[in-house]
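Hi there,

Here is the structure I promised to pass on. Have a look at it first, and my notes follow below.

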Amino acid sequence: FRSVQWEVVKALNPHLDDQLRVDTWHYPAEHDKFKEFAAGQVSRVMRSMRLLNDAVQLLDSIKPLRAKEASARWRANYDMIHAQCLAFRVRQFQYLLAVDAHAKNKPEPTGKNNMWYVNRIPQMKEPDTDQIKQTKVDMTELKRQEDQARDEFKAIIANHPRTPWARRAEFEMNLGCGIEFRDRFHDPRYKDLSAKIKVPKQ
């Protein structure tokens with residue numbers, strides 16, 4: 001029961017697998033550059049979604065062992081990992097929809113803003129007919145997964161009150177599963193500054 005949880009954590013750790021690191025902060029303002037940059041991130045998200053699907057199946061397979069686990073902490077940890085895997089899978093599909101919508105609509109940044117970033121919102125985007133056809137994702141099933149994740153977060157709050165797991169569950173619920181791109185300003189001088197910074201030798 002415990003070792004499988006640890007295996008799931010390791011499999012989804014972006015510090016161990018750099019192909020799981022998805023940039024959320026530095027999307028170019030120019031449309032062509034945005035599409036090129038986002039395409040690289042989309043491939044990472046697709047990989048992560050496959051791993052999350054495997055993780056949910058693996059966690060479901062050990063659910064009968066939960067009742068035998070003596071430690072409340074390990075039970076809470078299992079509940080949190082399972083709920084997060086469901087929620088993250090929904091968020092990643094929402095990310096794909098947000099990228100596609102941005103590429104189609106080609107919005108312009110406001111004022112002096114020169115970059116886009118990923119922002120999480122409670123409201124989920126509804127895929128259009130083309131997106132449903134391309135992704136083969138059932139929106140009813142996706143909504144069911146979001147509702148299940150939310151129910152599991154609520155259960156964590158009720159079953160593990162005043163714990164780090166309960167606080168994290170509240171955070172995840174407030175964050176929601178929707179994704180949108182927002183514009184921001186990034187001072188280009190930061191690139192010059194970072195190039196001049198000397199990292200101390202160990």
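Let me begin with a helix pair: H3 passes H5 in a left-handed crossing. Please keep in mind that this is a predicted model. The two helices, H3 and H5, pack at an angle of about 145°, and their axes are 9 Å apart. On the H3 side, the residues that meet H5 include Asp-79, His-82, Leu-86, Val-90 and Phe-93. Their partners on H5 include Met-139, Leu-142, Glu-146, Ala-149, Phe-153 and Ile-156. Sorted by class, the contact of H3 with H5 has 11 nonpolar, five polar and four charged residues.

Glu-146 lies in helix H5, which covers residues 139–159. Is Glu-146 buried or exposed? Its relative accessibility is 7%, so Glu-146 counts as buried, the cut-off being under 20%. Setting aside neighbours within four places in sequence, Glu-146 is in contact with Val-90, Pro-122, Met-124 and Cys-177.

Now to the start of the chain. Helix H1 spans residues 2–11, and Val-4, Gln-5 and Val-8 are buried in it. Viewed down the axis of H1, these buried residues fall within an arc of 105°, so they line one face of the helix. Ser-3 and Trp-6 are exposed, and they sit on the face of H1 turned away from its buried side.

Conventions
Residues are numbered from 1 along each chain as its sequence is written. This is a predicted model: local features need pLDDT of at least 70, side-chain atom pairs count only at pLDDT 80 or more; totals for chains, interfaces and linings use all residues. Side-chain values use heavy atoms; hydrogens and water are left out. Helices (H or I, at least four residues) and strands (E, at least two) are DSSP runs, numbered from the N terminus. Buried means under 20% relative accessible area, exposed over 50%, partly exposed in between (1.4 Å probe, protein chains only). Contact means heavy atoms within 4.5 Å. The arc is that of the directions from the helix axis to the C-beta atoms. Axes are lines fitted to C-alpha atoms, for helices over the stretch in contact, and angles run from 0 to 180 degrees between N-to-C directions. A crossing is left-handed if the near helix is turned anticlockwise from the far one by less than a right angle, and right-handed if clockwise. Ala, Val, Leu, Ile, Met, Phe, Trp, Tyr, Cys and Pro count as nonpolar, Asp, Glu, Lys and Arg as charged, and the others, Gly among them, as polar.
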